[in-house]
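Please open the structure in your viewer and keep the selection tool at hand.

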Amino acid sequence: MSGPAAPDGHEDGAESLRRAEVVLTAARLFRQHGYERTTVRELARAVGLQSGSLFHHFRSKEEILVAVMNNGIQEVLDAGRQALAQYRTPADRLAALFRVHMWSMLHGAGGDAMNALVYEWRSLSAPSQARVKVLSDRYEAMWQDAVAAAVEAGVLSGDVRVIKRCVLGAMNLTVQWYKPDGRLRPAAFIDEMLRASLPALPQGAGPWPLAQRPAGYAAPGQ
């Protein structure tokens with residue numbers, strides 16, 4: 001049994017880190033073995049806990065699945081906001097959103113989270129689906145605004161909702177087929193995906209939009 005929280009908050013920080021470790025490990029195991037096949041005992045063992053100790057952090061296995069999905073959405077939501085703050089033109093803002101979404105899919109929390117959203121959605125109860133949808137709708141609204149601005153500026157043409165859904169769908173389904181050790185390295189792959197998904201955007205639009213590139217990021221040709 002753990003003791004009382006330290007007055008300086010170190011215990012709270014440790015609890016938060018352990019919770020994050022559980023979410024990331026669960027995301028990986030759900031992707032490898034499926035949500036239904038991954039037992040609480042296996043997940044607890046993977047993070048060095050007793051099975052019962054997991055429920056100090058989460059009330060149920062389903063709550064862990066919700067946390068996996070929301071963690072991936074929150075990552076792209078936070079990075080998307082930072083990206084939009086760096087640019088003014090609709091083309092750069094849209095390309096920047098695209099880049100941070102794809103990087104999360106390939107190397108962040110987004111890939112495992114999207115795998116869960118695609119394959120495990122029906123494992124959630126209706127109330128849990130509603131919890132995830134709140135965050136998902138917030139992220140889609142960010143994209144809706146960015147695409148609408150690009151259409152209004154004449155950078156893109158077409159129905160805003162259709163463009164948004166096509167682009168997000170193309171990115172999200174890369175969890176099913178992209179191989180990071182394949183012909184194209186991640187940065188080059190992101191550029192090719194951007195060119196294929198939004199060919200009307202000028203080449204080089206919205207280069208890596210955050211102050212610090214993720215570990216291992218290199219622009220094509222570097």
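**First stop: the pocket**

Begin with helix α6, which supplies six residues, the largest share of the lining of the largest pocket. A helix here is a DSSP run of H or I with at least four residues, a strand is a run of E with at least two, and both are numbered from the N terminus. The pocket itself holds about 540 Å³ of space. Its lining comprises 24 residues, and those closest to the centre are Met114, Leu117, Ser136, Glu140 and Asn172. Select α3, α4, α5, α6 and α7 together: these are the elements that give two or more residues to the lining.

A pocket is an open set of points on a 1 Å grid over the protein atoms alone, where a 1.4 Å probe fits, with protein on both sides within 12 Å along at least five of seven lines; lining residues have an atom within 4 Å of a point. Grid points are joined across faces, edges and corners, and the volume is the space filled by probe spheres set on the points.

The model is predicted: local features need pLDDT of at least 70, side-chain atom pairs count only at pLDDT 80 or more, and totals for chains, interfaces and linings use all residues. Residues are numbered from 1 along each chain as its sequence is written, and side-chain values use heavy atoms, with hydrogens and water left out.

**Second stop: the whole chain**

Now display the entire protein chain, which has eight helices and zero strands. Of its 222 residues, 43% are buried, that is, under 20% relative accessible area with a 1.4 Å probe and protein chains only, whereas exposed means over 50% and partly exposed lies in between.

Next, select Leu94, Phe98, Trp143 and Leu198, the residues with the most contacts inside the largest nonpolar core, which has 66 residues. Such a core is a set of buried Ala, Val, Leu, Ile, Met, Phe, Trp, Tyr and Cys residues joined through side-chain atoms within 4.5 Å. Which helix gives the most to this core? It is α3, with twelve residues. In soluble globular proteins, nonpolar side chains tend to be buried together.

Stay with Phe98 and show its contacts (heavy atoms within 4.5 Å). Not counting residues up to four places away in sequence, Phe98 touches Trp143, Val167, Met171, Ile190, Met193, Leu194, Ser197 and Leu198.

Select Arg99, in helix α4 (residues 90-107). Is Arg99 buried or exposed? Arg99 counts as buried because its relative accessibility is 5%. A polar atom of its side chain lies 2.6 Å from the backbone oxygen of Gly206. Beyond four places in sequence, the residues that Arg99 touches include Ile190, Asp191, Leu194, Pro207 and Trp208.

Move along to Ser104, also placed in helix α4. With a relative accessibility of 4%, Ser104 counts as buried. Leaving aside neighbours within four places in sequence, Ser104 is in contact with Glu75, Val76, Ala109, Gly110 and Gly111.

**Last stop: back to helix α6**

Finally, select Ala146, found in helix α6. Ala146 counts as buried, since its relative accessibility is 9%. Apart from residues up to four places away in sequence, Ala146 touches Leu94 and Leu97. Draw a line from the C-alpha atom of Ala146 to that of Val160, 14 residues apart along the chain: the separation is 9.4 Å.

Definitions and conventions
Polar contact = N/O pair within 3.5 Å; in protein donor to acceptor, adjacent residues only side chain to side chain.
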